[in-house]
Amino acid sequence: MTPVRQTGEGVRSIICLQILVEYDDVEWQRREWLSPHRDAVFSFFLIERGLYWAERPDPRHASLIPIDHHNHANNNHHQHRINGKPLRGATAVADTVAWPALTFYPLVARAELHEDAMPIEFMQDRKLDFVDYSKLKPFTQDWELTKGAMPWGNAVRRWAEMQDGQRILLTTPSVLVGFRVEVYRAEGTTQWYTAVIVGYNESTKDLTVTDDTVLEDHNEDPTLVQMRLIGDGVVESIMRGEVVGMTPRRSRSSTALTHALVVVSEIQFRSIIKRSA
């Protein structure tokens, strides 16, 4: 979901909050503005909270398929088999494994959310489940020790980099002059545009960026418009305090954008609420 726009001040601002939403498996052109607090379309409107460890059947191992005894008795041609032998007896229980998963908190909840049925989304395959959050353990950076062998390693790395990038954009944007970004377009025929950050206004909190395509300057507020830092290792370098000079502007032939839209993170949402108060 991105970007966000608002009207009014204080509580009225929150009520009038609008978020531009794209849906999974639907072309981005079919995006739409939603007013979560005002529209009664959704019973729940959830915002990403953080990453935790959760138990799940191990997707790396083929689990046994439960036997439908009624159909088994009436249709011998569709027996479940392993290594050519029919399965008999009770259903086998799949092995479980700890897996990183995203948790959420409700921006809007028009019904009760049961504590033991809170939603999670597992990394990599994005499988959904419902659990008791009090039984989850926070996902710490010890994954660095094993991520090379873990199937979820790349997904977690991308998520962590996105979170760090958002934190930099919202807390220390002045250090980003000279860096390249992708900026989401709320209007127009393209989804994103690439640009170089050429200035930061301390009073308005806007970043001035030069659009690669039309070579024009735009003022963008990173608390209201989705922006992402470009370049391998750039976020990590900034986090380490390394100084990186002005990066060259891409040619028009290399500005095709293929990145998927990400949801508004808790970091960005809290910044939105703080500025609207």
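User: Which side chain does Asp212 join to Arg180 by, and what counts as a polar contact?

Analyst: A polar contact is a pair of N or O atoms within 3.5 Å; within protein, one must be able to donate a hydrogen and the other to accept it, and residues adjacent in sequence count only if both atoms are side-chain atoms. Here the side chains of Asp212 and Arg180 are joined by one of 2.6 Å. Asp212 also reaches the side chain of Thr194, again through a polar contact (2.6 Å). Mind that this is a predicted model: local features need pLDDT of at least 70, side-chain atom pairs count only at pLDDT 80 or more, and totals for chains, interfaces and linings use all residues. Residues are numbered from 1 along each chain as its sequence is written, and side-chain values use heavy atoms, with hydrogens and water left out.

User: Is Asp212 buried or exposed?

Analyst: Buried means under 20% relative accessible area, exposed over 50%, partly exposed in between (1.4 Å probe, protein chains only). Asp212 has 1%, so Asp212 is buried.

User: Where does Asp212 lie?

Analyst: Strands are DSSP runs (E, at least two residues), numbered from the N terminus. Asp212 lies in the loop between β13 (207-211) and β14 (217-220). As for β13, five of its five residues are buried: Leu207, Val209 and Asp211 point one way, Thr208 and Thr210 the other.

User: How many bridges join β12 to β13?

Analyst: Two strands pair if DSSP finds at least two bridges between them. Strand β12 (residues 192-200) runs antiparallel to β13, with five bridges; Tyr200 has Leu207 as its bridge partner.

Conventions. Helices (H or I, at least four residues) and strands (E, at least two) are DSSP runs, numbered from the N terminus.
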